[in-house]
Amino acid sequence: MSSEPGGADADDATDTAVDTPAAAAEGARDAAEHPLVVEGLHKTFGGITAVDGASFSVAEGSLTGLIGPNGAGKSTTFNCITGVHTPTSGRIRFRGDDITGMAPHAIAQRGLVRTFQIARELPEMTVLENMMLAPKGQAGERLSYAVVPGLRDRVVEQEEELLERAWQQLEFFEIDHLAEEYAGTLSGGQRKLLEMARALMTDPEVVLLDEPLAGVNPTLEEKLLDRIHELREMGNTFLFVEHDMDVIMNNCEHVIVMHQGSVLAEGTPEQVTSDERVVEAYLGGDV
Amino acid sequence: MGISETYSRGRNLAVSRPFVLVAVAVVAILTLDIGRRLAAPGGLTSAQLATFLWEGLVVGLSIGLAGVGLSMTYSILNFANFGHGDYVTSGAFAGWAVTWLFAGAGQFDLATLLFIGSVSTRDLGVSMLETPLAILAGLIVAAAATIGLSLLIDRLVYKPMRDDEGISLLIASIGVALALRYTIFIVFGQRTRGLTDAQSVPEFAIPVGGGGTLDVGGHELTLVVIAAALMLGVHLLLQTTKLGKAMRAMADNEDLAQVTGIPTERVVRFTWIIGGGLAGASGFLIALERGAMNFQFGWILLLMIFAAVILGGIGSIYGAMFGGVTIGIAQNLSLVWIPSEFSTVAAFGVMIVVLLFKPDGLFSGVTTA
Amino acid sequence: MSSADADADGSSDATAAPGGATAGDPGDGDNGRYVSGWTPYREWFRDRWAQGGAAAWGTALAHLLVGALLFALVAGFDLGSLPIGGSLIWFLYLSLTVGVLYVATAPPAEPYVAWLDERWMESDVDKLLIVLGHVVLVFFVFAVALGLPFNGLVGALASVFFFTAVYAMMVLALNLHWGYAGIFNIGIAGFMAVGVYVMAILSGSTDPGPASVPGLGLPLPIGILGGVVAAALVGLVAALPALRLRADYFAIVTVALSEIIRITLKSTALQEFTIAGITTGTGGATGITMPGNPVRLLFYQSFDAGAEPALLGSVLFPLLEGLRVTLIPPGSSWLGIVPLPAFTLDLAVEPAVIANLAYVLVLAAFVALFYVLLVRTGNSPFGRVLKAIREDEVVAKSLGKDTNRFKIVAFMFGCGLMGLGGILWQGSQGFTNPGAFRPIITFYIWVALIIGGAGSNTGSVLGGALFAGAIWEGPVYVRRVVTNFVEFGDTPGTFPAAVAPLIEGKVLPLLSFLLANVSALRFILVGVILVTLMQRRPEGLLGHRKEEAAAIPLTRPGGGDGDGIGEPTAAADPVADGGRDDAADGGAR
């Protein structure tokens with residue numbers, strides 16, 4: 001039903017997105033090396049086009065930055081990837097599977113987990129409850145296991161393991177002293193830490209960070225970035241959406257620049273900053 | 001070319017609004033079936049059909065009139081008011097007390113009249129033909145009393161909770177409903193009382209094809225005429241006054257309502273005045289048309305009113321009216337196929353289906369009023 | 001409240017209790033002849049009480065004994081002529097009245113209230129016990145005021161605890177919907193009706209006599225299971241499409257559904273029908289006969305009205321029916337000089353009351369079952385996801401939780417429990433009809449939930465008890481007590497007839513009219529309570545309990561292997577709560 005217009009839109013996309021060097025190669029890339037691949041993503045709301053043929057991919061074990069001025073379509077792209085919006089056309093592949101238009105929970109279950117721009121802790125749950133909510137495959141999430149006497153033993157065992165892991169994770173993020181506080185009482189930065197720790201409790205394959213540094217004070221910002229780097233070294237993959245150029249340039253080895261709904265440039269920070277179109281469209285006279 | 005265009009437009013419609021197609025298909029099948037039954041000898045007569053339609057219109061208009069207020073409070077104050085049915089009852093009792101007082105003063109004991117006690121309706125002889133002034137006075141008092149009541153309840157109950165969630169207000173409105181209903185119970189008693197003198201109500205027989213006649217009751221006609229007039233009045237009020245325009249904007253446009261935030265007290269007051277007044281008037285008229293009432297007729301009607309409001313789209317004033325007529329006619333026409341004890345089920349069924357597939361109402365997206 | 005009641009009753013029955021008048025309660029205007037001579041004594045008593053502990057209790061006990069003695073002296077010689085002469089109730093009542101009067105000599109009854117306050121803070125179980133204790137106390141006072149024998153008191157308590165139990169069950173089930181999952185269900189009556197009717201049809205007698213429709217005659221457990229499953233399935237049918245609706249739309253759908261169910265059950269179309277050669281039906285508006293209550297078989301040999309007692313009955317009935325303990329045999333005297341009145345404790349309880357009480361015990365076991373099931377549901381990963389959904393569904397989804405599945409499962413589970421609760425409630429009555437499943441029942445259950453506090457299981461039971469005691473049964477007994485003591489004359493038939501005498505300054509006709517309409521007043525009370533709670537205390541008595549949703553206590557495992565960096569700040573740790581502890585114990589098993 002949507003294949004025909006979709007095809008046409010993809011053509012459009014390549015036209016408007018000038019000659020994104022990666023665009024052609026995208027589909028061919030090995031799924032193992034690039035767990036997340038976005039192809040010709042389009043999203044319109046009513047008559048307004050928010051994303052206009054964006055294509056890019058995220059390499060395994062990388063810390064990829066997605067950057068662009070306000071209104072560039074970052075958030076919409078992000079929401080399309082995580083299943084909040086269904087793309088008008090285009091494909092999103094994760095580990096080679098087409099996840100376009102899947103429900104958010106189904107996408108998260110596959111290992112593509114997001115955080116929120118404005119931290120969404122569960123305020124009336126403790127930090128530990130927040131953490132223990134996240135892990136996948138908990139037996140006790142089935143009602144029968146939760147209530148039937150014999151089966152509940154397994155739940156209790158699992159809970160003990162999870163609790164152990166939750167503590168480790170909290171210690172790693174250095175918020176274990178807040179473990180028994182209600183999440184609603186945490187400061188903005190602590191919430192961001194909690195949110196990332198919680199996302200990691202799901203054992204994600206790719207973590208999508210939506211402006212993780214927004215509203216975080218410089219000390220915590222450094223802490224958070226340190227953690228991200230450590231986690232990346234441990235093999236985690238991150239897609240880092242941010243509008244602060246400096247943060248991305250200093251931390252990511254691969255940067256995608258979006259402008260007016262499509263990918264304007266892609267490459268290492270050096271390549272991107274030396275790209276004239278980026279300088280023109282995004283940085284203006286700043287650099 | 002023309003064909004393919006039509007085809008693609010049809011396909012678009014089918015894809016984007018499947019519910020509309022299904023609804024149209026169902027209505028078409030039912031219409032065809034009615035045609036078949038009409039044609040079949042010994043089946044449905046055209047007089048029966050006309051009666052179903054007319055009764056449906058009468059019931060529908062009364063529900064729709066009551067629904068306008070519910071629809072407005074729902075969209076502007078953002079909660080489902082479960083007390084609305086009992087506003088309808090309150091209005092009816094206040095109005096009829098006055099009508100009886102007017103009609104029977106000097107003839108009967110005042111207290112008995114005021115509390116709508118045991119008086120022979122025959123002797124009292126209330127009807128549109130005999131005592132039009134008493135009925136008019138009752139109608140005005142019904143509206144005025146309900147306005148006062150809804151403003152009082154707003155002050156006591158809802159104003160302190162203005163910032164609360166819709167669900168809290170909804171629960172509180174259930175409390176209001178119970179308190180109101182059983183206050184009426186205590187003051188006026190439990191029994192269903194006759195109100196009008198059935199003998200002196202004129203009835204017009206309108207011949208329809210096939211030798212049958214459609215009997216139109218004088219009070220039915222009164223209800224239809226006054227309901228239409230009230231609707232026109234509300235329409236003019238909302239069209240011409242500045243406050244009315246603001247309200248319409250807020251009621252019709254949820255986004256705008258959100259942007260402008262919590263409505264000002266002036267808008268709230270105006271909402272209750274219109275909503276309460278119409279609820280009271282509709283209660284009075286429904287009782288007039290039925291010729292009887294008891295302390296819980298409004299409550300029993302409430303789900304129907306909800307059905308009408310949701311069908312028409314919450315916040316839409318004409319939508320409530322259309323919704324009411326649709327529900328009324330659906331309920332009466334359903335008698336063609338199912339026994340009368342299930343006609344309420346049919347109306348609720350229609351409402352649930354609409355809620356499930358078209359929760360914005362049938363007339364959503366159409367600017368109204 | 002209870003002390004005030006006891007107080008007022010004591011003084012209104014002034015002839016029997018001179019203490020009531022002489023204590024000179026200044027707050028009591030009626031017969032409060034203030035005797036200044038008592039003031040020092042009162043102060044002394046309050047001093048002792050303030051010291052607390054054994055001193056307070058010793059003083060109180062001594063006063064009870066003094067009260068008893070006073071009673072024996074003043075009224076004792078005339079025991080035989082008292083309406084329920086010599087019964088335990090009469091004796092205890094006067095002792096208590098005197099005791100309570102002393103404790104509460106100066107209103108407000110600070111020591112008692114302070115003691116209550118302290119207990120109230122202890123734990124949820126204590127709160128429940130306090131409420132149940134007060135229900136017993138108040139009904140004890142009612143029974144005394146009405147001159148009921150012991151049997152009457154037990155009967156009244158069996159009735160109030162029956163409603164406590166059934167409301168507790170329904171509220172617990174509703175709490176799963178609203179308190180845990182945030183699903184706004186106002187179609188409870190419909191789910192109850194499905195459970196009850198399916199059970200009745202499956203297990204109803206195949207030959208019920210001319211007045212009723214036949215059932216399928218299946219064993220009762222199958223019928224109950226069928227009813228519960230059917231209620232859960234109707235829940236599924238409702239939830240599948242409707243859970244994505246806004247809360248208020250969902251509410252309207254559920255209440256409409258419950259009315260559709262009721263109208264359908266009432267219809268003549270399904271009154272009696274035949275499928276595959278088997279004739280059964282809903283009985284239409286007349287209703288349907290329930291299968292016999294198996295609890296009755298504990299005591300009787302069959303379900304028939306005139307059945308012979310079975311083994312347990314044949315032992316218990318004679319024993320309890322004739323339970324009278326003679327404390328002072330007739331013709332005794334003190335030291336052979338002062339003649340003493342005959343004194344017999346009348347503890348007789350009739351068979352019907354025993355059977356009722358036994359059923360209440362069965363219900364209590366089911367309440368416990370509901371409670372454990374729901375505490376376990378809440379304190380588990382399942383409950384954790386529900387809690388997360390209630391707080392922020394988007395977050396739960398973003399962490400890979402299929403929130404719809406959780407909501408549907410929770411909704412079905414709650415509906416099944418509502419079906420079971422309905423079966424235990426209506427099924428005990430031998431007969432039910434669609435009128436028992438009007439939407440008003442749903443709102444009653446909601447009121448009980450809101451009183452207790454959404455989100456708390458203990459609060460649910462507490463709300464059920466308060467609703468049953470204070471709102472449901474209480475007003476009826478208040479009317480009985482008042483009409484017992486006040487001579488009203490003829491009750492006016494209409495409101496104007498009741499109000500008119502006010503002009504002449506006569507209040508009694510209005511009062512008597514209102515008392516005659518106490519069931520309507522009850523509805524108004526329910527409405528006012530709902531509004532007041534939503535305005536002032538939307539979280540109810542025990543709501544918004546921050547119970548941790550986990551199958552184990554969430555503390556640092558291994559007794560603190562942390563290296564001192566993070567000392568858990570136990571600032572707001574509310575785990576001191578019976579419910580959670582129970583679950584932890586249950587989980588550890």
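Start with α17(C), a mostly covered helix: twelve of its 14 residues are buried. This is a predicted model.

**Stop 1: α17(C)**

Select residues 439-452 of chain C. The buried set is P439(C), T442(C), F443(C), Y444(C), I445(C), W446(C), V447(C), A448(C), L449(C), I450(C), I451(C) and G452(C). Now show what surrounds these residues. From chain C, the cover includes α8 (150-180), α9, α11 (247-266), α18 (457-485) and α21 (518-536). Chain B takes part too, through its α8 (166-188).

Check the length next. With 14 residues at 1.5 Å each, α17(C) should span 20 Å, and its end C-alpha atoms are 20 Å apart, so the two agree. Step past the end of the helix to G453(C). Its phi is positive, near 110 degrees.

**Stop 2: α9(C)**

Is α9(C) enclosed or open? Largely enclosed by the rest of the structure, because 16 of its 16 residues are buried.

**Stop 3: where chain B meets chain C**

Select both sides of this contact. Chain B gives 38 residues and chain C gives 38 residues. On the side of chain B, the elements with two or more residues here are α8, α13 (297-312) and α15 (343-357). Which of them gives the most? α8(B), with 17 residues. Colour this side by class: 30 residues are nonpolar, seven are polar and one is charged. Recall that α8 of chain B is also among the elements covering α17(C).

**Stop 4: chain B as a whole**

Of its 369 residues, 49% are buried. Take its contacts between residues at least 6 apart in sequence: 77% of them join residues at least 24 apart.

Now colour by pLDDT. The mean for chain B is 83, and 88% of its residues reach 70 or more. Helix α7 (residues 132-158) of chain B has the highest confidence, at 93, while helix α11 (residues 254-260) of chain B has the lowest, at a mean of 57. Then go to residues 365-369 of chain B. There pLDDT stays under 50, and the model has 13 contacts beyond four places in sequence for this stretch. Where pLDDT is low, the predicted coordinates should not be read in detail.

**Stop 5: where chain A meets chain C**

Move to the contact of chain A with chain C. It takes 43 residues from chain A and 46 residues from chain C. On the side of chain A, two or more residues come from each of α4 (104-109), β6, α5 (127-133), α6 (143-147) and α7 (149-172). The largest share, ten residues, belongs to α7(A). By class, this side divides into 20 nonpolar, eight polar and 15 charged residues.

**Stop 6: the sheet of chain A**

Follow β6(A) into its sheet. Six strands form an open sheet with mixed pairing, in the order β6-β7-β8-β3-β9-β10. Which strands stand at the edges? They are β6 (112-114) and β10 (262-267) of chain A; each has a single partner strand, so one side of each lacks a neighbour in the sheet. Neighbouring strands are turned by 20 degrees against each other on average, direction ignored.

Finish on one pair. Select β3 (residues 63-67) and β8 (residues 237-242) of chain A, which pair in the parallel sense over five bridges. Pick L66(A): its bridge partner in β8(A) is V241(A).

Technical notes: Residues are numbered from 1 along each chain as its sequence is written. Chains are lettered from A and ligands numbered from 1 in the order in which they are written. This is a predicted model: local features need pLDDT of at least 70, side-chain atom pairs count only at pLDDT 80 or more; totals for chains, interfaces and linings use all residues. Two strands pair if DSSP finds at least two bridges between them. Helices (H or I, at least four residues) and strands (E, at least two) are DSSP runs, numbered from the N terminus. Axes are lines fitted to C-alpha atoms, for helices over the stretch in contact, and angles run from 0 to 180 degrees between N-to-C directions. A residue is buried if 20 or more other C-beta atoms lie within 10 Å of its own, exposed if 12 or fewer, and partly exposed in between; C-beta atoms are placed from the backbone. Two residues are in contact if their C-beta atoms, placed from the backbone, lie within 7 Å. pLDDT is the predictor's confidence in each residue, from 0 to 100. Ala, Val, Leu, Ile, Met, Phe, Trp, Tyr, Cys and Pro count as nonpolar, Asp, Glu, Lys and Arg as charged, and the others, Gly among them, as polar. The expected span of a helix is 1.5 Å times one less than its number of residues.
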